[in-house]
Amino acid sequence: MNVIPSSPQRAASSATVDDYRTNKLFRHMTRAEVESLGAQIEHLRYGKGEMIIQRRDEDGGIYLLLDGVLLANLYARSGREVGYRRILPGGYFGEIAAIDGLPRSVNIVALEDVRLVRLPQRLVLRLFEESPRFMRALLEDMASLTRALTDRLFELTAVSVACRVDIELLRMATAAEGDGETAVIHPCPTHAELAVLVGSQREPVTRELNRLASLNIVRQSGRTLKVLDMAALADEVERIGGEL
Ligand SMILES: Nc1ncnc2c1ncn2[C@@H]1O[C@@H]2COP(=O)(O)O[C@H]2[C@H]1O
């Protein structure tokens with residue numbers, strides 16, 4: 001993606017505590033605990049393509065996403081982009097530098113216009129000391145990040161591109177709304193964005209999506225991808241899983 005210099009705008013503080021109370025980071029905290037943070041939280045907006053965090057930046061705040069989609073990524077010297085995960089509304093980022101006090105580990109780029117709230121570092125440090133519920137959510141999510149990285153390392157080392165596409169779709173579909181048999185991924189990544197997420201190029205990704213569509217496993221229309229048969233998608237992962 002083409003990254004443009006960032007010029008965050010402080011959003012009018014029209015966002016209320018209800019806008020961020022349901023963020024994943026606060027899932028174990030009481031409403032009163034979250035409300036007490038209100039005055040110390042900054043509201044920000046960034047435009048599509050802006051880099052919100054740059055690898056090696058020194059700052060330890062945590063950001064909560066209200067609207068829009070973000071990507072955690074890195075660029076190789078050649079310009080090649082490696083994607084780690086998309087962050088959707090209700091998600092958060094920035095906890096790694098907040099915990100270890102070192103520079104930022106990856107970039108965070110806006111794939112669309114986004115609205116965020118930022119917990120400044122001093123507030124995060126206070127929550128580390130005073131809120132076991134806050135710490136519990138952070139620790140659970142760090143465990144889940146470790147598992148995700150282990151899976152991803154395995155997939156990049158031992159699994160074909162087609163299968164990585166299927167696995168990524170299955171992951172997104174499982175996290176999306178659905179009835180267990182079908183699911184709607186919205187907004188779904190473009191083929192180029194999906195390629196960045198699975199460590200490949202756009203062409204093989206498009207080939208695999210066309211193959212899944214021809215089997216009536218997925219149907220794409222604009223920014224919405226419907227998984228018509230979750231069980232069949234899981235079977236595809238199982239069937240082609242070993243091929244390199
Ligand atoms: N491999 C990864 N997968 C998903 N998110 C990540 C990954 N690495 C870093 N991040 C997130 O991106 C953020 C960048 O700033 P931090 O290093 O402070 O905290 C990081 C995490 O919130």
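Predicted model: local features only at pLDDT ≥ 70, side-chain atom pairs only at ≥ 80, totals over all residues.

User: Is Val 82 buried, partly exposed or exposed?

Analyst: Val 82 belongs to strand β6, residues 81-87. Its relative accessible area is 30%. Buried would require under 20% and exposed over 50%, so with 30% Val 82 is partly exposed.

User: Where is Arg 118 found, and does it count as buried or exposed?

Analyst: Arg 118 is found in strand β9, which covers residues 114-119. The limit for buried is under 20% relative accessible area. Arg 118 has 13% relative accessibility, so it counts as buried.

User: Which side chain makes a polar contact with the side chain of Arg 118?

Analyst: Leaving out residues up to four places away in sequence, Arg 118 touches several residues, including Gln 40, Glu 42, Asp 59 and Tyr 63. A polar contact at 2.5 Å links the Arg 118 side chain to another side chain. That partner is Asp 59.

User: Which residues of strand β8 are buried on each side?

Analyst: Strand β8 spans residues 107-110, and both of its faces are covered. One side carries the buried residues Asn 107 and Val 109.

User: Which residue stands opposite Ala 110 of β8?

Analyst: β8 runs antiparallel to strand β3 (residues 51-53), joined by two bridges, and there Ile 53 stands opposite Ile 108. β8 also pairs in the antiparallel sense with strand β5 (residues 70-75), over four bridges. Opposite Ala 110 stands Leu 70.

User: In the open sheet of four strands, which strands stand at the edges?

Analyst: The strand order in this open sheet is β10-β11-β13-β12, and the pairing is antiparallel. Each edge strand has a single partner strand, so one of its sides is left without a neighbour in the sheet. The edge strands are β10 (177-178) and β12 (218-221).

User: What is the bridge partner of Arg 219 in β13?

Analyst: β12 pairs with strand β13, residues 224-227, over four bridges. The sense of this pairing is antiparallel. In β13, the bridge partner of Arg 219 is Lys 226.

Methods
Residues numbered from 1 in each chain as written. Heavy atoms only, no water. Pairing = 2+ DSSP bridges. Buried < 20%, exposed > 50% of the residue type's maximum accessible area, 1.4 Å probe, protein only. Polar contact = N/O pair within 3.5 Å; in protein donor to acceptor, adjacent residues only side chain to side chain. Contact = heavy atoms within 4.5 Å.
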